[in-house]
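Subject: Structure for you to look at

Hello,

Here is the structure I said I would pass on. Please open it next to this message and follow along.

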Amino acid sequence: MDSVADTPSGRHFDDSSHCLAAREAPMHVDPNEPKGDGADLKRIEAAVRVILDAVGEDPNREGLLETPARVARMYAEMFAGLKVDPGRHLAKVFTEDYDEIVLVRDISFCSMCEHHLLPFTGKAHIAYLPDGKVVGLSKLARVVEEVARRPQVQERMTQTVADLIETRLSARGVAVVVESTHSCMTMRGIRKPGSLCMTSAMRGAFRDDPATRAEVLGLINR
Ligand SMILES: [Zn+2]
């Protein structure tokens with residue numbers, strides 16, 4: 001990702017930060033909806049051999065013989081989220097007379113930047129305001145995990161998670177904050193190790209009510 005980055009010390013999430021374009025965005029349409037087909041390992045292997053050859057390597061030398069098959073299995077794992085609906089983890093809800101903030105912080109993830117096919121890794125923080133329905137906390141982490149396992153951009157990933165929680169739980173408010181480092185910024189191109197990109201998606205009360213938003217951002221930044 002070449003756009004917005006913060007400094008390593010930018011752990012504090014500032015509501016006026018410049019990476020917040022996602023906040024006002026309308027309901028988001030995810031272009032990589034589940035397609036139902038698995039990865040074609042043999043075709044990935046063939047493609048990796050072509051790449052090795054094209055960069056001037058010998059795909060037949062001993063050290064590289066197993067590489068195409070290994071990379072194919074790795075891609076199948078990294079993109080396994082294309083084959084599933086992450087929202088299914090939110091199907092089982094519990095009726096609970098609790099209407100304050102539910103927050104799960106520091107959900108680690110590893111995703112793949114769709115522009116460079118390089119990993120970006122970091123943490124997601126998810127908060128919602130239940131409307132009589134709560135979900136198992138680990139399910140929120142499962143949603144992040146599966147949304148991450150697709151060719152992604154961090155902005156879309158943030159919005160997709162927020163939309164799923166808002167619609168499947170009928171939550172009165174949803175806040176998703178994602179912070180990550182992008183390999184495509186640290187190991188190539190501009191080469192800025194330690195830069196951190198932060199994105200957020202606010203829905204419902206977290207978007208409309210400044211005090212509620214300030215409360216959840218305070219909890220996330222604590
Ligand atoms: Zn990238």
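Below is what was found in it, taken one region at a time.

Please keep in mind that this is a predicted model.

A pair of helices

Two packed helices are described by the angle between their axes and the distance between the axes. Here the pair is helix H1, residues 41–54, and helix H2, residues 67–78. Their axes come within 8 Å and cross at roughly 125°. Angles of 65 to 115 degrees count as roughly perpendicular and those over 145 as roughly antiparallel, so H1 and H2 are oblique to each other. The crossing of H1 and H2 is right-handed. On the H1 side, the contact is made by Leu41, Ile44, Glu45, Val48 and Arg49. H2 contributes Thr67, Pro68, Ala69, Val71, Ala72, Arg73, Tyr75 and Ala76. By type, the residues of this contact are 9 nonpolar, 1 polar and 3 charged.

The annotated site

Which residues does UniProt list for "binding site"? The unreviewed entry gives Cys113, His116 and Cys184. They are spread over 72 residues of sequence, yet they cluster in space, with a largest C-alpha distance of 7.8 Å. His116 sits in the loop between strand E2 (102–113) and strand E3 (118–129), while Cys184 belongs to helix H5, residues 183–186. His116 counts as partly exposed because it has 17 C-beta neighbours inside 10 Å. Cys184 also has 17 such neighbours inside 10 Å, so it too counts as partly exposed.

The loop between E2 and E3

Glu114 lies in this loop. With 15 C-beta neighbours inside 10 Å, Glu114 is classed as partly exposed. Which residues is Glu114 in contact with, leaving aside its neighbours within four places in sequence? They are Pro151, Gln152 and Val153. Pro151 is 37 residues away from Glu114 along the chain, but their C-alpha atoms are separated by 4.5 Å.

Leu117 is in the loop between E2 and E3 as well. Having 13 C-beta neighbours inside 10 Å, Leu117 counts as partly exposed.

Two backbone angles to check

Most residues other than glycine have a negative phi. Leu117 is not a glycine, but its phi is positive, at about 55°. Asp106, in strand E2, likewise has a positive phi, near 60°. Is Asp106 buried or exposed? Asp106 counts as exposed, because it has 11 C-beta neighbours inside 10 Å and the limit for that class is 12 or fewer.

Regards

Technical notes: Residues numbered from 1 in each chain as written. Predicted model: local features only at pLDDT ≥ 70, side-chain atom pairs only at ≥ 80, totals over all residues. Axes fitted to C-alpha atoms, helices over the stretch in contact; angles between N-to-C directions. Helix = DSSP H or I, 4+ residues; strand = E, 2+ residues; numbered from the N terminus. Parallel < 35°, antiparallel > 145°, perpendicular 65-115°, else oblique. Left-handed = near helix turned anticlockwise from the far one by under 90°. Contact = placed C-beta atoms within 7 Å. Nonpolar A, V, L, I, M, F, W, Y, C, P; charged D, E, K, R; others polar. UniProt positions renumbered as here; feature names shortened; annotations may be inferred. Buried ≥ 20, exposed ≤ 12 C-beta atoms within 10 Å, placed from the backbone.
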